[in-house]
Amino acid sequence: MHSFTLLRSSWLWYIVQENLKAIYHMQAAYSPDYEITLRRRENMLFFKRWLKNPSQMGTLAPVTPSLARLAANLVENPSDLIVELGAGTGRVTRALLAQGVKPQNLVLVELDHELCVFLKETLKDLPECKDSMPHIIEGDATRLAEIIPESFKGNVATVVSAIPFMYIPPIAREKIVQSSFDVLKPAGSILHITYNPKSPLAFKKDLNQERVGKLWFNVPPGFVWRYQQGWPS
Ligand SMILES: C[S@@+](CC[C@H](N)C(=O)[O-])C[C@H]1O[C@@H](n2cnc3c(N)ncnc32)[C@H](O)[C@@H]1O
């Protein structure tokens with residue numbers, strides 16, 4: 001079988017399994033019903049958006065809750081200003097909020113209109129968003145420095161990204177990295193979530209690059225890279 005077809009079928013099997021698990025848990029008395037139902041809706045919507053635009057979405061399903069938590073735990077100070085690029089259905093967003101990031105200190109950038117509508121609709125139900133909502137910007141991460149609220153410019157501590165770098169053209173990838181450093185404060189960093197054990201920005205020799213998180217038993221294995229400006233020592 002063609003390797004792409006194989007990959008698609010294994011991902012399809014993953015989605016089916018996830019949804020069966022969700023249905024099972026919805027019926028279990030102990031389950032947190034809201035989160036489980038939400039995950040099922042997320043998986044469905046994400047898959048639909050992937051069918052529409054596979055390279056923009058990068059994967060068939062949102063990151064797993066454990067990978068989202070791993071990335072959120074790597075944010076050093078939750079009271080800082082944080083930007084999330086490619087917020088998708090909000091799985092990483094929810095992990096960031098659960099970690100203590102304040103909604104008013106969080107900017108979400110997402111290119112897809114339907115995903116932005118979903119983010120607005122679902123985040124407002126969270127207890128963390130009772131008093132305020134994250135800034136949800138429907139826009140292109142290549143233009144981050146232009147679309148972010150003025151008060152964030154140069155003051156952001158961490159840009160959390162799940163943009164599928166390996167599927168986007170090198171010029172756009174370069175612009176996203178540059179735009180991120182334009183809004184970060186001097187010691188700020190990019191935390192990048194990927195299924196690639198190797199750095200997707202390995203070619204950028206002017207960045208300090210460190211793999212700060214790994215989940216080998218995730219399906220598929222997931223990794224978090226930290227990028228900071230400055231020549232590696
Ligand atoms: C792999 S998904 C990650 C979704 C999400 N963070 C999660 O919890 O799984 C990548 C997301 O990046 C978004 N995206 C891709 N290119 C983008 C760009 N240039 N600007 C903003 N969002 C982008 C896609 O629409 C998609 O929602």
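## Aromatic pairs

Y227 has a relative accessibility of 0% and counts as buried (under 20% relative accessible area; exposed is over 50% and partly exposed lies in between, with a 1.4 Å probe and protein chains only). The model is a predicted one, in which local features need pLDDT of at least 70 and side-chain atom pairs count only at pLDDT 80 or more, while totals for chains, interfaces and linings use all residues. Residues are numbered from 1 along each chain as its sequence is written, and side-chain values use heavy atoms, with hydrogens and water left out.

Three aromatic pairs are found in a search of the whole structure; rings of Phe, Tyr and Trp (its six-membered ring) pair if their centres lie within 6.5 Å, and planes under 30 degrees apart count as stacked, over 60 as edge-to-face and the rest as tilted. In one of them, W216 and F223, the ring centres are 4.9 Å apart and the planes stand at 80 degrees, so this pair is edge-to-face. F223 is buried at 0% relative accessibility, whereas W216 is partly exposed, with a relative accessible area of 47%. W225 and Y227 form a stacked pair, with 6.5 Å from centre to centre and 10 degrees between the planes. W225 is buried at 10% relative accessibility.

## Helix α2

Helix α2 covers residues 33-52, 20 residues in total, and spans 29 Å from its first C-alpha to its last, close to the expected 28 Å (1.5 Å times one less than the number of residues). Its buried residues are I36, L38, E42, N43, L45, F46, F47, R49 and W50.

## Packing of α2 and α6

The axes of α2 and helix α6 (residues 113-123) come within 11 Å and cross at roughly 170 degrees. Axes are lines fitted to C-alpha atoms, for helices over the stretch in contact, and angles run from 0 to 180 degrees between N-to-C directions. The two helices α2 and α6 are therefore roughly antiparallel (over 145 degrees; under 35 is roughly parallel, 65 to 115 roughly perpendicular and the rest oblique).

On the α2 side, the contact (heavy atoms within 4.5 Å) involves Y34, L38, R41, E42, L45 and R49; on the α6 side, E114, L115, F118, E121 and T122. These contact residues comprise five nonpolar, one polar and five charged (Ala, Val, Leu, Ile, Met, Phe, Trp, Tyr, Cys and Pro are nonpolar, Asp, Glu, Lys and Arg charged, and the others, Gly among them, polar).

## The chain as a whole

The chain has eight helices and seven strands, taken as DSSP runs numbered from the N terminus (helices H or I, at least four residues; strands E, at least two). Of its 233 residues, 49% are buried.
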